[in-house]
Every structure is written in C-alpha cells, then in structure tokens.
Amino acid sequence: MDIERRNNVTVTGNPQGRAVVLAHGFGCDQNMWRLTVPALAEDYRVVLFDYVGAGRSDLSAFSESRYASLDGYARDVVEVCEALDLRDAVFVGHSVSAMIGVLAAGTAPERIGALVMVAPSPRYIDAPGYRGGFSAEDIDELLESLESNYLGWSAAMAPVIMGNADRPELGEELTNSFCATDPDMARVFARTTFLSDSRDDLKAVTVPTLILECAQDVIAPREVGAFVHQMIAGSKLVTLDATGHCPHLSAPEATNGAITDFLARLR
C-alpha cells in the first residue's frame with residue numbers, strides 16, 4: 001500500500017533539516033498545525049499526516065480491529081517514518097498523539113529520537129492515586145452521547161475542549177473538524193482514546209522529551225502534566241500561558257516558542 005497516500009503525507013520545510021513529525025489528536029487533522037509549520041519550516045524538514053479515518057486519509061484503509069488500540073495508530077506513525085526513511089526524527093504529538101508517539105518511539109527507536117507532548121494524557125479516567133480529570137461514569141456518558149448523536153456531541157463538546165469562550169471562532173473550527181470526520185471511524189478513535197491507559201508506557205521513554213501543558217485544560221488538568229513529567233526521567237515540563245486543550249491554535253506563539261527552544265537544544 002502507498003503509505004504516503006493512505007495517510008495523506010505532506011512534507012515541507014528545509015529538506016536538509018532534522019525531521020519534525022507533527023501528529024494531530026482525536027477529531028482533528030494535519031491542518032490543525034498550520035500555525036506551527038511556519039515556525040519550523042526554515043530550519044526543519046516538517047512532516048504532516050492524517051491518521052486513517054481523519055482528514056484526507058484513505059478511508060478504505062480503515063480497520064476497526066487495527067484502530068481499536070493505540071498500537072494501530074502507532075503503526076501508522078512507524079510506517080510513515082519508514083516510507084520516508086526518517087531517522088532520529090522529533091515527534092510532536094497533540095493530546096492522544098503524545099501517547100501514540102511514546103508507543104511508536106518504543107517500537108522504532110531508530111526512527112524517533114525525541115518527543116514533544118502537547119497537552120498529553122496517559123489516562124483520562126481517575127484511578128487510585130491518579131487524577132485523569134474524569135470519572136468512569138463521565139467517560140461512559142461521553143461515549144454514549146458521541147455514539148448516539150456524533151454531530152450533536154461535536155457541536156456541544158468541541159467548544160468545551162477548545163476553551164477560550166471569548167474567541168468562539170476557535171470552538172467553531174474544532175466543531176467543524178470533528179464534524180468532518182467520518183462518524184463511525186470517530187467512534188472507534190474516541191473509544192480507543194478515552195479508554196486508554198498508557199501510564200506504564202511512560203516509564204520506558206528514554207529520549208529527550210518536552211511536555212507542554214496549558215494553565216487551564218478541562219481534558220488534561222495540571223495534575224496530568226505533573227504525572228507525565230514525573231514518569232519520564234529527564235523530561236522538561238513547560239506550563240503555557242494558555243487556556244483549553246489546543247494551545248497550538250489558541251496560543252501559537254507561546255507553543256511554537258517552547259517547541260523551537262527545545263529543538264534548538266537538541267542540536
């Protein structure tokens with residue numbers, strides 16, 4: 001299969017630069033990185049893609065059994081890296097993609113040499129000694145609502161996820177992105193995302209890692225950022241002066257500045 005067509009791979013920026021792979025979160029696509037690409041393009045080879053089921057990916061390649069776990073999405077990442085023969089790339093993952101990046105780096109360490117986690121969460125459901133931000137009942141209700149009326153759920157939840165109620169255009173953009181995603185495929189990705197537990201995987205991360213959290217985020221509260229930082233030895237945690245779960249859209253200058261500072265120190 002043509003992996004580049006399957007995942008709608010786009011390569012831009014400096015062909016001689018270190019590869020930086022930008023990976024979108026649930027309900028999004030590579031367009032969500034459009035405010036970040038210009039900050040990277042002069043010095044880095046920027047790789048964007050859509051997970052199967054999102055954006056302009058090849059929807060015929062979707063397999064519910066493959067994408068019923070984060071490992072299936074991590075295989076997409078590794079196969080994209082292999083198709084482009086990327087070595088020592090920096091993987092920048094938003095939301096659930098941060099954990100997908102952890103899995104991909106563990107599977108193909110020669111391909112991914114550093115991680116940037118933007119608003120990550122290894123587990124959304126609270127557990128003894130761990131606050132993910134949601135009860136099991138919360139997540140059951142969320143998934144039930146999503147599965148019974150995906151478009152209605154998108155219109156209600158996207159502005160909450162985005163935050164920044166004083167900038168409704170941001171919530172509208174995320175709503176439109178959610179609504180453009182195939183509902184059946186979105187249901188699978190949502191269940192995979194919100195029921196995942198990647199906490200133990202964090203211990204295995206050995207590459208340089210930057211964790212970006214927002215000052216206020218209903219999806220990934222500050223306790224989650226602190227947990228991820230604690231679990232990944234040598235990681236750097238930066239709290240952005242940003243609200244909501246998508247700082248690359250709501251606070252692009254702060255987000256891009258933190259990413260480029262981290263990249264510069266890797267050289």
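Residues are numbered from 1 along each chain as its sequence is written. Because the model is predicted, local features need pLDDT of at least 70 and side-chain atom pairs count only at pLDDT 80 or more, while totals for chains, interfaces and linings use all residues.

E4 and E5 (residues 112–118) run parallel and are joined by six bridges, two strands being taken as paired if DSSP finds at least two bridges between them. The chain passes from E4 through helix H4 (residues 96–107) to E5 in a right-handed β-α-β crossover, that is, with the strands pointing away from the viewer, the path from the first strand over the helix to the second runs clockwise. E4 also pairs in the parallel sense with strand E2 (residues 19–23) over four bridges, and Ala23 stands opposite Gly93 in E4.

Six of the six residues of E4 (residues 89–94) are buried, so this strand is largely enclosed by the rest of the structure; buried denotes under 20% relative accessible area, with a 1.4 Å probe and protein chains only. In a regular strand the side chains alternate between the two faces of the sheet. Both faces of E4 are covered, with Ala89, Phe91 and Gly93 buried on one side and Val90, Val92 and His94 buried on the other.

Notes:
Heavy atoms only, no water. Buried < 20%, exposed > 50% of the residue type's maximum accessible area, 1.4 Å probe, protein only. Helix = DSSP H or I, 4+ residues; strand = E, 2+ residues; numbered from the N terminus.
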